[in-house]
Amino acid sequence: MLVLVGTKRTLVQEQNIKNCLCNNCNIKTNMILQSFSSYAYITFIPLFPTGKEHLLTCLRCDTNVSTNQLSKEKLIIKNPLWTYFGVFLLALAAIFFIINLYKTNTNNKELIKNPKKNDVYFIEDSKGYYSSFKIYKVTNDSIFATQNNFQVNLPFDIESIDLEENYTYNKIR
C-alpha cells in the first residue's frame with residue numbers, strides 16, 4: 001500500500017488592488033493579490049491547514065511585490081472547510097472506536113450475568129494483549145470454558161482470531 005504524506009497549497013482568493021506602489025516600476029499601478037492556503041495531506045486526503053501565504057504581483061512588470069503596504073484586512077482569509085477533511089475523518093474514526101469499545105464492554109457484562117454454552121468472552125491480559133475464551137458447558141454451580149490459543153495487540157482485532165480451530169482442548173475450570 002502506497003501512502004503519500006506532504007503539504008500542498010491551493011489558491012483561496014484572488015483580488016485586484018488599485019494604486020499600489022511597485023518597487024520595481026516605482027509607480028502606483030494596479031496589482032493582483034493572490035491568497036493561498038497550505039495544508040498537510042496523506043494520500044491526497046487533506047488533513048489540516050498548515051499556513052497562509054499572500055502573493056502581490058504588479059500587472060505592469062509582472063514582479064512580485066511585498067505585501068507590507070497592504071492593510072491587514074486585505075490579508076485576512078479563511079481556510080477552506082475541505083482542508084479540515086482529514087481531521088473530520090479522524091474524529092469519526094475515534095467516535096466509531098469508542099462506540100465499538102463501549103458495545104463490547106456492554107456485551108461482556110450482559111453475557112456474564114447469564115452465561116450460556118458457546119458464549120465468547122473477550123479479555124485483556126496483564127501484559128495488554130487481547131484474546132478470548134469460549135464457554136463449552138454450564139451447570140448449576142460451574143462454568144467450563146476453553147481458551148483461545150492466539151492473542152492480538154488491538155481490541156478490535158479480537159474478532160479475527162475468534163475461530164473454532166483457535167480454541168485449545170485444555171479446559172479451564
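Tyr121 is buried, with a relative accessible area of 6% (buried means under 20%, exposed over 50% and partly exposed in between, with a 1.4 Å probe and protein chains only). The model here is predicted, so local features need pLDDT of at least 70 and side-chain atom pairs count only at pLDDT 80 or more, while totals for chains, interfaces and linings use all residues. Residues are numbered from 1 along each chain as its sequence is written, and side-chain values use heavy atoms, with hydrogens and water left out. Below is a friendly tour, starting with the aromatic rings.

**Aromatic pairs**

- The structure holds 5 aromatic pairs; rings of Phe, Tyr and Trp (its six-membered ring) pair if their centres lie within 6.5 Å, and planes under 30 degrees apart count as stacked, over 60 as edge-to-face and the rest as tilted.
- One of them joins Phe97 and Phe156, which are edge-to-face because their ring centres are 5.6 Å apart and their planes stand at 90°.
- Phe97 belongs to helix 1 (residues 85-113) and Phe156 to the loop between strand 7 (143-148) and helix 2 (158-161), so this pair ties together parts that are 59 residues apart in sequence. Helices (H or I, at least four residues) and strands (E, at least two) are DSSP runs, numbered from the N terminus.
- Tyr121 and Phe133 form a stacked pair, with 5.2 Å from centre to centre and 15° between the planes.
- Tyr121 sits in strand 5 (residues 120-124) and Phe133 in strand 6 (residues 130-138), so the pair ties together parts that are 12 residues apart in sequence. While Tyr121 is buried, Phe133 is partly exposed at 24%.

**Charges over rings**

- Arg9 lies over the face of Phe36, at 3.9 Å from the ring centre. A charge sits over a ring if NZ of Lys or CZ of Arg is within 6 Å of the ring centre and within 35 degrees of the ring normal.
- Lys137 places its charged end over the ring of Phe144, 5.3 Å from the centre of that ring.

**A nonpolar surface patch**

- Ile45, Phe85, Phe88, Leu89 and Leu92 make a nonpolar surface patch of about 430 Å². Its members have over 30% relative accessible area and no salt bridge, and nonpolar side chains (Val, Leu, Ile, Met, Phe, Trp, Tyr) are joined within 5 Å.
- Helix 1 gives the most to this patch, with 4 residues.
- Phe88 is found in helix 1 and is partly exposed, at 48% relative accessibility.

**A polar contact and a contact across the sequence**

- Asn79 lies in the loop between strand 4 (64-65) and helix 1, and counts as buried at 19% relative accessibility.
- The side chains of Asn79 and Ser37 make a polar contact at 2.7 Å.
- Gly6, in strand 1 (residues 5-21), is 38 residues from Phe44 in sequence and 8.7 Å from Phe44 in space, C-alpha to C-alpha.

**Backbone angles to look at**

- Most residues other than glycine have a negative phi.
- Asn19 is not a glycine, yet has a positive phi of about 55°. Asn19 lies in strand 1 and is exposed, with a relative accessible area of 56%.
- Asp62, also not a glycine, has a positive phi of about 60°. Asp62 is in the loop between strand 3 (45-58) and strand 4, and is exposed at 63% relative accessibility.

Definitions and conventions
Patch = residues over 30% accessible without salt bridge, like charges linked within 9 Å, V, L, I, M, F, W, Y side chains within 5 Å. Areas by Shrake-Rupley, 256 points an atom, 1.4 Å probe, with all protein chains shown as cover. Salt bridge = Lys/Arg side-chain N within 4 Å of Asp/Glu carboxyl O. Polar contact = N/O pair within 3.5 Å; in protein donor to acceptor, adjacent residues only side chain to side chain.
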